[in-house]
Amino acid sequence: EVKSCFAQILFEKIFKSNQATSNLSNDIGNKAYIEKILCNGDVNAISTLFSNILRVIGYDARHELFLKETLVTNLINCVLEVQAIQTYREKQNISGRSDLEVIIGKEKFVFEFKLADNSNEIEAKKQETFAQIKKHHYGQDLNYPKPKQYAVIINKDAQDSNFVSVIKLEN
């Protein structure tokens, strides 16, 4: 409860602009909308959702945000936490630590984030991320033997709105 309240306060402090308010009311401020997108597993819709979350930050600030993948992951986690969606940041298992795990009902989603300096790096980052997820068995436990696992690649150099690529790891 304290964690959720802190996330709410942080979220409100970060997003004081009118742009943030309008974006939040349209989609990323709606728990049912977020859960539906994640549960449907459509990578294009998940990419759009994460892009919209990151787009709330102004362009100049976004450039600073993209310096570290943990900042990106924390922002997305914060939005999910505010919506009372169960999340785990840097969830440790016996062989590694995943960036973000989300639980909705009986489903578990594992997101591993990577930053690409440009579009030429996206494929290499995707392969690197999938190798990491497989090697460390992110998200797998007795309750969730087959979680849905995703690579989330942020293209730091993208000038348009398509700066997030989400790719699902097929088990």
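Buried means under 20% relative accessible area, exposed over 50%, and partly exposed in between (1.4 Å probe, protein chains only). This is a predicted model: local features need pLDDT of at least 70, side-chain atom pairs count only at pLDDT 80 or more, and totals for chains, interfaces and linings use all residues. Residues are numbered from 1 along each chain as its sequence is written, and side-chain values use heavy atoms, without hydrogens and water.

**Exercise 1.** Classify Lys135 and Thr129 as buried or exposed.

*Solution.* Start with the element. Helices (H or I, at least four residues) and strands (E, at least two) are DSSP runs, numbered from the N terminus. Next, take the areas. Lys135 has a relative accessible area of 61%, so Lys135 is exposed. Thr129 is at 0%, so Thr129 is buried. Finally, list the partners. Beyond neighbours within four places in sequence, Thr129 is in contact (heavy atoms within 4.5 Å) with Glu112, Lys114, Ala151 and Ile153.

**Exercise 2.** Trace the aromatic pairs that involve Phe111 and Phe50 or Tyr150.

*Solution.* Rings of Phe, Tyr and Trp (its six-membered ring) pair if their centres lie within 6.5 Å; planes under 30 degrees apart count as stacked, over 60 as edge-to-face and the rest as tilted. The whole structure holds three such pairs. Phe50 and Phe111 sit 5.3 Å centre to centre with 70° between the planes: edge-to-face. Phe50 is in helix H4 and Phe111 in strand S3 (residues 107-116), so this pair ties together parts 61 residues apart in sequence. Now take Phe111 and Tyr150. Their centres are 5.2 Å apart and their planes at 15°, so the pair is stacked. Tyr150 belongs to strand S4 (residues 148-155), 39 residues from Phe111. Phe50, Phe111, Phe113 and Tyr150 form one aromatic cluster.
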